[in-house]
Amino acid sequence: MGVAYAATTTSIEEAPLAADRPVAGLADELVDHRFKALPPDAEGLTVGALAAERRNLFTGGFTTPVLALSAESVEHNLALLETYAERHGLAFAPHGKTSMAPQLFDRQLAHGAWGITAAVPHQARVYRAYGIRRIFLANELVDAAALRWLAGELDADPEFRFICYVDSVRGVELMDEALRAAGASRPVDVVVELGAGEGARTGVRTEAECAAVAAAVATTGTLRLAGVAGYEGEVPDASGERVREWLRRLVALAVDLDRAGRFAATAAEGIVISAGGSAWFDAVADVFADIPDLSAPVLKLLRSGAYVSHDDGHYRHLTPFNRVPEEGALQPAFRLWAQVVSRPCAEQAFLNAGKRDAAYDLDLPQAQVVRSGRDGTVRPATGITVSGLSDQHTWLRTEPDAELEVGDWVGMGLSHPCTSFDKWQLIPLVEADGTVTDYIRTFF
């Protein structure tokens with residue numbers, strides 16, 4: 001995918017994206033009681049040794065509930081967004097908060113990602129521990145302890161590039177004070193965050209205030225203004241036209257700040273214009289295609305993160321590919337398998353998975369398939385509906401003719417990838433025939 005610039009810009013030198021691929025060390029971790037659902041007889045093996053056994057998810061000793069990630073769907077989704085970004089001339093820094101999985105970061109980088117986006121200092125520390133050399137932190141960073149750590153990382157690694165938001169003069173003052181106290185020798189690159197409107201989330205509300213924040217950055221020796229950014233997903237009463245209107249404001253802000261000479265200090269590394277969640281990246285592609293020539297190359301940076309696993313609920317409805325089906329379609333990669341542990345009456349059944357195992361903040365799981373506990377045959381979950389979750393139980397409502405008995409496994413689709421990943425520390429990566437080829441480690 002590579003780095004993308006406005007039409008008449010020149011190339012910017014590429015830096016290595018990750019240090020020495022330290023994700024390989026995750027295979028040396030021991031399998032034990034910390035990790036839900038892994039086979040009890042695998043205790044004491046390393047994760048790599050267990051993966052090499054290529055056990056079957058259903059017959060290889062895994063206990064229920066167990067969350068599975070489709071190997072084929074993950075690969076499809078990685079390739080699709082790589083192609084999409086290339087087609088639209090976008091660089092890509094997918095938001096790592098979705099998975100917090102260095103193995104997936106590694107694959108995203110291999111599929112052309114410019115870097116990885118973070119939201120808070122802990123996430124950035126995980127990224128650095130696994131060799132990520134470009135981090136975009138989509139938040140204002142005013143924590144003095146975190147800034148001290150950041151200064152040390154920048155000083156120790158000349159190839160490390162870090163960019164974060166600023167959205168207030170006070171924030172600029174706090175960053176400058178903390179970086180001076182830390183003795184930082186390299187300036188921190190920042191982008192002015194334009195708020196998505198009144199009542200939206202973070203970000204500067206007016207262009208005049210953005211200019212004031214940019215002026216404050218210019219008075220420091222510890223910060224460099226690298227561009228502008230924001231999150232269009234917070235536009236009030238979002239529609240295609242409202243989102244595009246805000247994106248055009250973001251581009252116009254970059255043009256105004258460039259004319260004022262505010263990006264001179266970072267001109268050699270390009271002017272950053274960044275937006276793009278998982279619901280409106282088609283609008284980002286449309287508006288960013290018309291960014292005018294500026295005084296330096298433009299890094300058009302998309303940050304969508306939920307695509308890597310997609311889902312069967314929230315993002316299935318919101319994905320821009322619904323509006324542009326000719327560009328492709330993402331595939332939901334998660335399936336949570338749980339076992340029927342109670343069938344008290346014809347209208348009701350209970351599974352042994354609950355709020356501790358399944359995302360439920362946006363939608364309940366969806367019963368999709370049933371795997372017979374008798375012979376392993378798989379059938380559609382006809383007449384079976386998830387009606388609620390307890391801490392450790394899924395409530396099922398069953399129609400009179402629903403075929404379901406104690407011991408059956410029920411495969412469920414999930415909504416909201418972020419709160420699916422964060423409930424599992426080690427997730428089997430499973431091929432279509434049930435073969436487990438790897439285990440994805442998360443760090444929440």
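Visitor: Before the details, what do buried, exposed and partly exposed mean here?
Guide: Buried means a relative accessible area under 20%, exposed means over 50%, and partly exposed lies in between. The model under discussion is a predicted one.

Visitor: Then Asp41, is that buried or exposed?
Guide: Asp41 has a relative accessible area of 57%. Because the cut-off for exposed is over 50%, Asp41 counts as exposed.

Visitor: And which residue does Asp41 form a salt bridge with?
Guide: The partner of Asp41 is Arg55, and the closest N and O atoms are 2.7 Å apart.

Visitor: Arg55, buried or exposed?
Guide: Arg55 is buried, at 14% relative accessible area.

Visitor: What about Arg54, which residue forms a salt bridge with that one?
Guide: Glu431 does, with 3.4 Å between the closest N and O atoms. Glu431 belongs to the loop between strand E17 (426-430) and strand E18 (436-441), and Arg54 to the loop between H1 and E1, so this pair ties together parts 377 residues apart in sequence. Both count as partly exposed: Glu431 has a relative accessibility of 28%, and Arg54 has 44%.

Visitor: How many salt bridges does the structure hold?
Guide: There are 27 salt bridges. One of the salt bridges joins the side chains of Arg244 and Asp286, at 2.6 Å from N to O. Arg244 is in helix H8 (residues 240-259) and Asp286 in helix H9 (residues 281-288), so far as position goes 42 residues apart. Arg244 is buried at 18%, whereas Asp286 is partly exposed at 39%.

Visitor: Which residues are linked in a network of salt bridges?
Guide: The network links Arg128, Arg133, Glu153, Asp157 and Glu159.

Visitor: Switching to the sheet, what is the strand order?
Guide: The sheet is open, has eight strands with parallel pairing, and runs E2-E9-E8-E7-E6-E5-E4-E3. Strand E2 (91-92) and strand E3 (116-118) are at the edges with a single partner strand each, so one side of each has no neighbour in the sheet.

Visitor: How many bridges pair E3 and E4?
Guide: Three bridges pair E3 with strand E4 (residues 134-140), in the parallel sense. Ala118 has Leu137 of E4 as its bridge partner.

Visitor: And which helix lies across E3 and E4?
Guide: Helix H4 (residues 121-129) does, running at about 150° to E3.

How values were computed: Residues are numbered from 1 along each chain as its sequence is written. This is a predicted model: local features need pLDDT of at least 70, side-chain atom pairs count only at pLDDT 80 or more; totals for chains, interfaces and linings use all residues. Side-chain values use heavy atoms; hydrogens and water are left out. Two strands pair if DSSP finds at least two bridges between them. Helices (H or I, at least four residues) and strands (E, at least two) are DSSP runs, numbered from the N terminus. Contact means heavy atoms within 4.5 Å. Axes are lines fitted to C-alpha atoms, for helices over the stretch in contact, and angles run from 0 to 180 degrees between N-to-C directions. A salt bridge is a side-chain nitrogen of Lys or Arg within 4 Å of a carboxyl oxygen of Asp or Glu. Buried means under 20% relative accessible area, exposed over 50%, partly exposed in between (1.4 Å probe, protein chains only).
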